[in-house]
Amino acid sequence: PRLTEAFFQGNSVLGPLLGGTVQVSGVATSVSGVTVTPSPTTAGAIAQYEIVFTPSASGALTADVDKVTVTFPAGTTLPATVEAGNVLTDSAGSCASPTAGTVAPTIDTATRTISFFVKENGAASALYCVRFATAAGVRNPSIATTTAAVAVSTTKDTVQATSSNYT
């Protein structure tokens with residue numbers, strides 16, 4: 001059986017020892033509805049990537065506090081460094097007027113992962129867009145495929161969510 005927060009708070013011995021309150025960690029959440037649009041889609045080309053997702057009901061994003069992590073599929077090549085201004089975020093979900101980053105992202109070329117601070121507040125359960133400008137240097141997989149997908153997580157939605165396939 002699982003012990004609940006109510007058990008600890010209501011327990012006459014354990015409650016006072018724990019200050020009368022107990023923090024019970026919640027269930028990990030993920031973003032949803034992840035879509036990816038690379039341009040161009042040519043195999044091996046350096047491309048602009050727009051990634052749209054919806055944070056969970058508890059996943060509101062705070063500018064300069066929360067991070068987004070994107071993991072690209074096998075075959076994608078990331079540069080060792082990307083200038084901050086080549087990673088943009090847009091809380092409108094359309095990337096029509098994105099705001100450029102001011103802190104360089106963290107890149108792991110071996111795992112094809114880029115992590116960066118968001119530059120616009122994003123409401124929970126509302127579309128959010130990330131753009132990697134062409135100048136970021138993200139290179140499409142060298143072999144054309146119809147099954148490429150990215151995985152996205154945030155500091156609030158820590159479980160990776162995989163996009164629909166893109167070409």
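Start by selecting Tyr49 and Phe72: both residues are buried. Keep in mind that this is a predicted model.

Now look at the two rings. Their centres, in Tyr49 and Phe72, are 5.3 Å apart, and the planes meet at 85 degrees, so the pair is edge-to-face. The cut-off for that label is over 60 degrees. Next, colour by secondary structure. Tyr49 sits in strand β2 (residues 48-54), while Phe72 belongs to the loop between β3 and β4 (87-90), so the contact ties together parts 23 residues apart in sequence.

Across the whole structure, a search finds 5 aromatic pairs.

Switch to cartoon view for the sheet. Which strand order do you trace? It runs β6-β7-β3-β9-β10, an open sheet of 5 strands with antiparallel pairing. Go to the edges: β6 (106-108) and β10 (161-162) each pair on one side only.

Now zoom in on strands β3 and β7. Select residues 67-71 for β3 and residues 113-117 for β7. The two strands run antiparallel, and 5 bridges join them. Which residue of β7 stands opposite Thr69? Pick Ser115.

Stay here for the last stop. Show the side chains of Lys67 and Phe117. Lys67 lies over the face of the Phe117 ring, at 4.8 Å from the ring centre. Lys67 falls within the β3 range, residues 67-71, and Phe117 within the β7 range, residues 113-117.

Notes. Residues are numbered from 1 along each chain as its sequence is written. This is a predicted model: local features need pLDDT of at least 70, side-chain atom pairs count only at pLDDT 80 or more; totals for chains, interfaces and linings use all residues. Side-chain values use heavy atoms; hydrogens and water are left out. Two strands pair if DSSP finds at least two bridges between them. Helices (H or I, at least four residues) and strands (E, at least two) are DSSP runs, numbered from the N terminus. Rings of Phe, Tyr and Trp (its six-membered ring) pair if their centres lie within 6.5 Å; planes under 30 degrees apart count as stacked, over 60 as edge-to-face and the rest as tilted. Buried means under 20% relative accessible area, exposed over 50%, partly exposed in between (1.4 Å probe, protein chains only). A charge sits over a ring if NZ of Lys or CZ of Arg is within 6 Å of the ring centre and within 35 degrees of the ring normal.
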